Amino acid sequence: MLKFLPNHVRKICRDSADSIRLPHVAVDDRGAVAVIDISGFTALSTRLFREHGNDGAAKLHEAINNPFEKIIGRVYARSGSIVKFAGDAAVACWSDTAASETRRESLLLECLVCCVELLQLFHGKSGPDISSSQAEAAGGVGLHIGIGFGTINHIILGQQEPLEVGEIARREYLITGEAAAEAGEMLGLGTRGQIVLSRGYHDAVMRAMSGLGGSPFSSASFAVGYEASAEHVTIRSSDVEALQLVKRVLGLEHFESGEDDFMSTDDAEFFLSAVQYVESSIARYAIESEQAGNERDARTNPRLRKLKLSLSGARRRSSFLGSDGQDHYSDLRKVSVVFMRFPSISLNLLSPGSKAIHQKTPPSDSDAPTSALGVAQFVAETVIKCIAENGGSLRQLSFDDKGFTALAVWGLRGLAHHRTDAPNALAACLSFADRVRRGGGGSAARHAVGAVDVGVATGTVYAGLIGDERRMDGTVLGATVNLAARLMCIEATAPAEQFGDRDVWIRCDQSTFDAGKGQFEFETTSPHVKLKGEAKRLFPVET
């Protein structure tokens with residue numbers, strides 16, 4: 001179970017799981033975030049499915065995992081933590097609120113070294129600790145990276161208690177703040193084979209470097225081969241000398257950080273805390289894959305035994321592990337994908353003195369949320385409940401350039417209902433719209449949540465596990481996922497007069513419309529809208 005958790009959540013599950021009240025925030029006023037984006041996976045998944053059908057899943061699993069394993073290896077070797085896998089990208093952070101000032105400066109430097117090593121591995125000549133065989137194993141895919149610096153808000157949202165006795169509460173961990181926002185912005189400025197640093201991060205690194213022993217290094221020497229502006233600094237993969245200079249200056253060529261002292265935690269109480277942060281389908285996978293190792297704990301811990309019994313029903317429908325012990329979770333399968341966006345909820349500007357951080361209890365049905373974090377908690381609880389009641393799985397909550405978003409999937413292994421997945425997804429969206437309008441303080445909650453944009457698409461995706469024993473998670477990749485995201489964002493790009501004014505917009509594709517047209521009301525007169533070069537017919541759902 002440990003491998004499914006970011007470092008921040010691991011520490012919470014070890015040290016203070018029972019005392020956490022939601023919403024929860026821990027603020028680091030000086031950390032670094034890197035968004036590491038890999039190109040080419042959507043086209044690859046589409047091609048493999050077309051050429052090999054379901055047999056293409058194994059090929060895609062290998063193609064995806066090779067580069068992600070390299071990224072994970074570099075991030076954890078350089079004291080970072082993978083916060084999330086977001087489609088074909090990884091979000092990593094270097095943050096430790098309890099560390100000394102010297103250690104925190106070292107983390108900033110290690111972030112840069114990690115990203116430079118990744119650029120060398122995927123695009124340049126191999127560095128001294130990366131062999132050419134590893135470079136070949138990266139699979140020939142490309143990447144680009146954005147790095148930001150500043151405040152990092154470590155946020156936990158979700159259920160304080162499970163919906164029913166014997167079930168597990170569902171919680172989500174995400175990061176927001178200046179560092180994360182800058183990293184996303186810098187990523188958008190770069191292209192394949194580049195690292196773009198925010199000026200704030202560059203300057204923080206320069207200050208940290210000036211405190212190192214040995215000869216001082218000026219900004220001019222540090223910037224050899226770099227492209228700089230007032231707002232950012234770009235490192236190109238062709239700047240081989242500059243890349244080598246960074247590693248030589250930082251003196252960390254052979255540094256490998258040790259495992260954290262809690263990395264071997266494997267007791268029942270830790271498992272019960274950790275499983276709350278894992279997507280439902282993956283939780284069932286973890287239950288099965290770790291069952292043998294925890295049999296003694298299951299016999300002696302009533303809570304763990306009840307949990308395993310409650311999740312074991314999925315194993316009667318499908319098995320995640322074959323008799324050969326290999327992963328049978330990852331495959332190409334037809335699913336319905338829901339993206340929700342809440343553009344009125346901003347979670348970046350939190351500080352240790354803010355009301356949001358000190359809010360100890362989540363909003364109830366009679367109390368309207370009164371802060372940005374309180375509104376996000378209300379949304380998270382409501383989304384989780386609507387998804388669970390309609391047979392889906394919350395993949396993740398995120399806060400990025402699209403704003404505060406939720407991603408849910410119907411049809412994952414162990415949770416699939418085949419013909420009813422698309423109608424169930426639509427039912428969950430309508431249930432959410434209804435609860436926002438009438439629950440959590442009525443009009444006050446509706447006003448606090450603001451507009452909600454929802455995109456629903458149905459089709460074949462790669463649904464599987466990515467990562468290794470250090471860090472692993474589930475993912476869904478493919479054109480269907482991208483289409484749901486574009487449907488969610490369409491109001492921001494289409495003329496307003498095409499769509500009118502509504503508090504909750506639910507837009508679906510043709511496949512979802514075909515599956516639900518006998519059960520739901522649609523506005524079939526909606527216009528065609530061009531999405532990334534292709535005209536798509538939209539079917540807004542009556543809410």
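Guide: What follows is a short exchange on a cavity and some salt bridges.

Guide: This is a predicted model, in which local features need pLDDT of at least 70, side-chain atom pairs count only at pLDDT 80 or more, and totals for chains, interfaces and linings use all residues. Residues are numbered from 1 along each chain as its sequence is written, and side-chain values use heavy atoms, with hydrogens and water left out.

Visitor: What makes a space in the structure a cavity?

Guide: On a 1 Å grid over the protein atoms alone, a cavity is a set of points where a 1.4 Å probe fits but cannot get out. The structure holds one cavity of 30 Å³ or more. About 160 Å³ of space lies in the largest cavity, a volume being the space filled by probe spheres set on the points, which are joined across faces, edges and corners.

Visitor: Which residues lie nearest the centre of the largest cavity?

Guide: Phe4, Lys84, Glu172, Tyr277 and Asp473 do, out of 16 lining residues; a lining residue has an atom within 4 Å of a point. Strands E2 (81–86), E5 (171–176) and E10 (393–400) each give two or more residues to this lining. Strands here are DSSP E runs of at least two residues, and helices are H or I runs of at least four, numbered from the N terminus. The largest share, three residues, comes from E5.

Visitor: Why is the pair of Glu172 and Arg170 called a salt bridge?

Guide: The term requires a side-chain nitrogen of Lys or Arg within 4 Å of a carboxyl oxygen of Asp or Glu. For Glu172 and Arg170 the closest N and O atoms are 2.9 Å apart, so the pair qualifies under that definition. The structure holds 17 salt bridges.

Visitor: Where in the chain do the partners Arg413 and Asp331 lie?

Guide: Their side chains meet in a salt bridge at 2.7 Å, N to O. Arg413 is in the loop between strand E11 (403–410) and helix H16 (421–438), while Asp331 is in strand E9 (residues 331–342), 82 residues apart.

Visitor: How do you know whether Arg435 is buried or exposed?

Guide: Buried means under 20% relative accessible area, exposed over 50%, and partly exposed in between, with a 1.4 Å probe and protein chains only. Arg435 has 19% and is therefore buried.

Visitor: Why does Glu389 count as partly exposed?

Guide: Glu389 has 44% relative accessibility, so the partly exposed class applies. The side chains of Glu389 and Arg435 meet in a salt bridge (2.9 Å, N to O). Glu389 lies in helix H15 (residues 372–389) and Arg435 in helix H16, so the pair ties together parts that are 46 residues apart in sequence.

Key: On a 1 Å grid over the protein atoms alone, a cavity is a set of points where a 1.4 Å probe fits but cannot get out, and a pocket is an open set with protein on both sides within 12 Å along at least five of seven lines; lining residues have an atom within 4 Å of a point.
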